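Open the model in your viewer and keep the selection tool ready. Each stop below says what to select and what is there.

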Amino acid sequence: MSSIKMNSCNSNNGESKNGTSNSLSSVNHDLGLYFLELARLGSAKAPTEMEEDEEEAPKELNTINSSGGFLFVATDKLSVKYTSVNLHGHDVGVVQANKPAPVKRLLYYFEIYVKDAGAKGQIAIGFTQESFKMRRQPGWEANSFGYHGDDGFLYRGHGKGEAFGPTYTTGDTVGGGINYASQEFFFTKNGTIVGTVCMVKEIKGPLFPTVAVHSLNEEVHVNFGQKKFAFDLKEYEAQERLKHQMTIEKISLPPNISYGLVRSYLLHYGYEDTLNSFDLASKSTVPPIYIAKENGFDEQDIVYALNQRKTLRQLIRNGEIDAAISKLRDWYPQIVQVGALEEAVKYGRMELAKFVELDGFNDLVQDCGALLAYERPQESSVGYLLEESQRDVVADTVNAMILSTNPNMKDLQGCLHSYLEKLLRQLTACCLERRSANGDQGEAFHLHRVLNSGKDIKS
């Protein structure tokens, strides 16, 4: 991190006047598309990232794919009883959940309550693939893991177990879980973790919560979360998140790197007053923090028109649109060209028509047009377009447009994103690569959530 380089493009394009005008028009079009998409994603009608991540979790046992000849599943599809006489080692009663364990989350967990340990207490809990042989205990076959009650052993992929935890019997509650962050299985007994075991990378495909019974009168009840777990899953999840956070906080960064990133963010978005306070605070530290240019922070491009960008942002966020347009017309006539109202309406219709046919923009375009039909648009069903979050999108658009007029600005992305945001995008890419290496298991990292968490900065 100490060697981060953030290269600015300071060379002039050297275009003719017409070429510059055409280039600016192209830039304006690209910027418009980018921020229109951003407004659509931020609208109340857009699907949220949380909704995109939702998966259907197991709710009951699969009575079709089970060794039905050796067990009975109750009508609630949550209770299992061994109804035969165990004559052979392969006379196992096995049943999987109706759905695989969800993978787009930090943890997955389920429990069984041992109502009756039966003749031998050969009960097992674990995870198996859909193609698992349904007359074998979980853990006895490849691509399966199981914690067994009669010996307390853990079985993972073969018939030989290993010492793992205590045995369990009538009255005990036993749980099995997957920690996708650490890539481990974990098992519990009566609300306490028994132990963990690393997931085998060779395991492919979805894993199903699995229960097995193997001797007369063995009976278990399965809890997929329809009632409170004996194990405090929320506390365990909080501890796991804290563990990862502490790991991150142990990474040491030179103060001037982190200060430089924050400072460049404030400069990029025109938060001049906050920037001045920030600079004052950095000088009062012991020792004072100075940001040297050799660390990669070249402010030449993002200092451009700082005071004007700050003024326009404040006007837009305050809802003073007429004043903002007036300032823009005076300062940057090439960005805002306001003519007769009739011509403006005609222009608006033509521009909006381009987006009506585009997938994903229909609702947004219709809502924008509907604003004109209401006396009190703030109280209407499309009032979300007038919320402060949408004003921020407009302010960011204007900010980017002004930065694009800088003759030394060569890279369009330099108008859109600060150095901090670029770093977060790189972090996103790294997290996606790590998740891909784990078979796309675990929580997805959403840059949009991280950026939104910093949108309450006030200048």
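The tour goes from a sheet to a hairpin, then to a core, and ends at a helix.

**Before you start.** This is a predicted model, in which local features need pLDDT of at least 70 and side-chain atom pairs count only at pLDDT 80 or more, while totals for chains, interfaces and linings use all residues. Residues are numbered from 1 along each chain as its sequence is written, and side-chain values use heavy atoms, with hydrogens and water left out.

**Stop 1: the sheet.** Helices (H or I, at least four residues) and strands (E, at least two) are DSSP runs, numbered from the N terminus. Select the strands S1, S4, S13, S6, S7, S8 and S9: in that order, these 7 strands form an open, antiparallel sheet. Strand S1 (61-66) and strand S9 (162-163) are at the edges with a single partner strand each, so one side of each has no neighbour in the sheet. Two strands pair if DSSP finds at least two bridges between them. Now select S6 (residues 124-128) and S7 (residues 144-148), which pair over 5 bridges. Ala 124 has His 148 in S7 as its bridge partner.

**Stop 2: the hairpin.** Select S2 (residues 71-73) and S3 (residues 79-82), antiparallel strands joined by 3 bridges. They form a hairpin with 5 residues between them, and in the turn Lys 77 has a positive phi of about 60 degrees. Which residue stands opposite Val 73 in S3? It is Val 80. Val 80 also has a bridge partner in S14, Val 220.

**Stop 3: the core.** A nonpolar core is a set of buried Ala, Val, Leu, Ile, Met, Phe, Trp, Tyr and Cys residues joined through side-chain atoms within 4.5 Å; buried means under 20% relative accessible area, with a 1.4 Å probe and protein chains only. Select Phe 110, Ile 112 and Phe 185, which touch the most other members of the largest core, a set of 37 residues. Strand S5 (residues 107-116) gives the most to this core, with 4 residues. A second, separate core has 13 residues, among them Leu 312 and Tyr 332.

**Stop 4: helix H6.** Select residues 306-317: these 12 residues should span 16 Å at 1.5 Å a residue, and the end C-alpha atoms are 17 Å apart, which agrees. The expected span is 1.5 Å times one less than the number of residues. Arg 317 lies in this helix and counts as buried because its relative accessibility is 12%. Just after H6, Gly 319 takes a positive phi of about 80 degrees.

Definitions and conventions: Buried means under 20% relative accessible area, exposed over 50%, partly exposed in between (1.4 Å probe, protein chains only).
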